[in-house]
Amino acid sequence: MLKQTSFLLLASTMLFSAVTAIASELDASAYQQKLEHHLAQLPTTPTETLQVNLEASFEALNLRNDKREFGQLTTAVRTGSDGLQVSYPAELIQLLNQGRSDDTPSETAFAMEYFDVAELVDLFHPRDAIIERIRVGNLVRVVTMPEQEQLRFEYTLPLDALIDDEELRGYVNEFEANYHLTVTEELHPIKAELNFYGDGSAYFFFDVNAAGKSIEHYAQQDGYLFVTERKSSQDFESTFSERRFSTSFVANQTAENSDAERRSTASLNVDAPHLAVD
């Protein structure tokens, strides 16, 4: 009788757990649909022109020979219904005309090599990139944070979400990545965090490990979503070298946009990228 009662209790517990798991998955799926729908409704361009001063910095470290290169620059960026415009300071234009030489400040010259239009598109049009990430990712769970009145969507990402080149993917032996998107209870994006780790090999003598993380903070102006701060760091260790590359972008709105909604930012330790897959 005791065995039969224990069996019934065990069966009831397993059934309850199964029902709870199914209910959680259904809730997560419903949240996912709501999130995608909400993001798709956000405008792709601001109704009023958005103007910021963008501070960009880049750092490259060769950890085996203790070599460091650093670059930074500041530009004025304007985006609106007529497109995206970048204004460079007069002294920077002079440097661009001269090209890189011994007279060019090393920090400016180094920054010029890495600052490009693709970065600007990612910063000032992040909506589609977020939608793509959450569509290709596998939603693990939705975490509620009542005190902050926020939700965190936690995903794992496949390899092709980060590496487009099919041939390059063929050299990867192991890969893990996660993507966490924090939103308000009204599903407005606040912050996104990406962590990844991978290792691979080519031929018989070349091995490489890579790890990295990035964090983005968002703000909205009349519903238009843009990045106010992005910091990232990537570590690469191969048979022949060990390198780290870090970037930072901070967008400070000018007086014309002082009434736009702002989100608080959080610090990021870019010196020690790590993977945190639950």
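Predicted model: local features only at pLDDT ≥ 70, side-chain atom pairs only at ≥ 80, totals over all residues.
Buried means under 20% relative accessible area.

**Entry 1: the ring pair with F58**

I looked up what F58 pairs with, and found F249. The two rings sit edge-to-face, 5.8 Å centre to centre, with 85° between the planes. F58 is in strand 1 and F249 is in strand 10 (residues 242–253), so this pair ties together parts that are 191 residues apart in sequence. F249 also comes out as buried, because its relative accessible area is 1%.

Next I checked Y224 and F226, which are a stacked pair. Their centres are 6.3 Å apart and their planes 20° apart. Both of these residues are buried. In total I have five aromatic pairs on my list.

**Entry 2: the core**

Which residues touch the most other members of the largest nonpolar core? I got L35, L54, F124, Y179 and L181, out of 43 residues in that core. Strand 1 (residues 50–62) gives the most to this core, with six residues.

**Entry 3: around Y179**

I picked Y179 from that group and skipped its neighbours within four places in sequence. Its contacts include I130, I134, F153, Y155, L157 and Y218. A192, E193 and L194 are among them too, and so are R133 and E154. I then looked at R133 again: it lies over the face of Y179, at 5.6 Å from the ring centre.

**Entry 4: strands 2 and 3**

How many bridges join strand 2 to strand 3? I found five, and the strands run antiparallel. Strand 2 covers residues 67–80 and strand 3 covers residues 83–87. They form a hairpin with two residues between them. G80 has G83, in strand 3, as its bridge partner.

While in strand 2, I stopped at T75. Is T75 buried or exposed? At 2% relative accessibility, T75 counts as buried. Leaving out residues up to four places away in sequence, T75 touches V52, N53 and L54, then V86, S87 and Y88, and also F115.

**Entry 5: a glycine in strand 8**

Last stop was G212, which lies in strand 8 (residues 206–221). G212 counts as buried because its relative accessibility is 0%. I also checked G212 against N195: they are 17 residues apart in sequence, and 5.8 Å apart in space, C-alpha to C-alpha.

Technical notes: Residues numbered from 1 in each chain as written. Heavy atoms only, no water. Core = buried A, V, L, I, M, F, W, Y, C linked by side-chain atoms within 4.5 Å. Buried < 20%, exposed > 50% of the residue type's maximum accessible area, 1.4 Å probe, protein only. Helix = DSSP H or I, 4+ residues; strand = E, 2+ residues; numbered from the N terminus. Contact = heavy atoms within 4.5 Å. Pairing = 2+ DSSP bridges. Phe/Tyr/Trp six-rings, centres within 6.5 Å; stacked < 30°, edge-to-face > 60°. Lys NZ or Arg CZ within 6 Å of the ring centre and 35° of its normal.
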